[in-house]
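Subject: Handover of a structure and notes on its contents

Dear colleague,

Please find below the structure that I am passing to you. My notes on it follow directly after.

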Amino acid sequence: TGYPLGTIAEEVEGEPLVDDEDDGAASPAGLAQECSRDLQLKTLIGFSTSARDHVHWLPSRGCLLYATGDLLVLDFLNGNCEYVPAGCGHISCIAVSPDRRLVVVGSGTGGTTCVWELAPAPESPSLCTRLAGHEGGVQAVTFCGDGAVATLGLDDGLLFVQSVDLASVGDHYRSLQMEVPPGCLTLACNGDELVVGGDTLLRWKLTHVGDELQALSPLPPAA
């Protein structure tokens with residue numbers, strides 16, 4: 001701890017990162033050194049996981065959330081961690097709702113997705129519901145707003161969008177399903193637009209009636 005990040009930025013595996021070409025353009029190394037000039041390395045975390053996009057900052061709790069094996073880790077960056085069994089086997093992906101109230105966890109070995117509620121500290125997270133459906137693992141997850149979850153299957157070529165009803169814990173309603181071509185790897189949602197990325201970008205429009213999902217409609221490919 002306390003090791004200057006600028007020193008780390010200057011050298012990786014013994015090789016300097018400084019751009020030798022003086023063309024007036026800022027090199028990535030130069031930017032890294034400038035940004036890290038007044039920063040100090042606080043914590044170095046080693047991960048034992050193959051999960052994608054699994055590190056999230058939870059400001060209300062003042063901790064990092066990440067995966068290791070089949071555990072969710074709440075890391076308070078002071079030597080204290082809380083370990084929570086994810087309930088779905090080996091974790092492949094994690095997403096946090098925009099209001100930081102819910103966490104969805106995808107399984108890399110089964111088709112289950114678990115939805116957890118983040119109670120105010122110091123209460124531990126509580127399991128709300130398990131969403132089944134995929135055959136094989138879950139490749140990616142994302143929230144569509146605060147109350148709907150999109151999951152991309154690892155093996156079955158299917159995209160699911162499911163609403164989660166926290167008014168009745170343990171229930172979920174209205175599941176939408178769509179086939180996707182091979183090579184799809186990632187999910188993202190912006191408002192009512194859901195995007196699947198991989199060999200190509202595919203887009204769908206989410207239609208709601210009140211709080212309930214009604215349709216998943218294809219949109220023209222992104223330009």
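In which sense do strand 7 and strand 8 pair, and over how many bridges? The two strands pair in the antiparallel sense, over five bridges, with strand 7 covering residues 71–75. Please note that this is a predicted model.

**The sheet**

Within this pairing, Asp 75 stands opposite Cys 81 in strand 8.

**The salt bridges**

I turn next to the charged side chains. A search of the whole structure finds three salt bridges.

One of them joins Glu 117 and Arg 101, whose closest N and O atoms are 2.9 Å apart. This pair links distant parts of the chain, 16 residues apart: Glu 117 belongs to strand 11 (residues 113–117), while Arg 101 lies in the loop between strand 9 (91–96) and strand 10 (102–107). Arg 101 has a relative accessibility of 40% and therefore counts as partly exposed, given that this class lies between the cut-offs of 20% for buried and 50% for exposed.

Another salt bridge is formed by Asp 192 and Lys 205, with 2.6 Å between the closest N and O atoms. Asp 192 is found in the loop between strand 17 (184–190) and strand 18 (193–198), and Lys 205 in strand 19 (residues 202–209), so the pair ties together parts that are 13 residues apart in sequence. Asp 192 is partly exposed, at a relative accessible area of 35%. Lys 205 is likewise partly exposed, at 36%.

There is also a salt bridge in which the side chains of Arg 203 and Glu 193 meet, at 3.1 Å from N to O. Here, too, distant parts of the chain are linked: Arg 203 sits in strand 19 and Glu 193 in strand 18, ten residues apart. Because its relative accessibility is 25%, Glu 193 counts as partly exposed.

With kind regards

Terms used
Residues are numbered from 1 along each chain as its sequence is written. This is a predicted model: local features need pLDDT of at least 70, side-chain atom pairs count only at pLDDT 80 or more; totals for chains, interfaces and linings use all residues. Side-chain values use heavy atoms; hydrogens and water are left out. Two strands pair if DSSP finds at least two bridges between them. Helices (H or I, at least four residues) and strands (E, at least two) are DSSP runs, numbered from the N terminus. A salt bridge is a side-chain nitrogen of Lys or Arg within 4 Å of a carboxyl oxygen of Asp or Glu. Buried means under 20% relative accessible area, exposed over 50%, partly exposed in between (1.4 Å probe, protein chains only).
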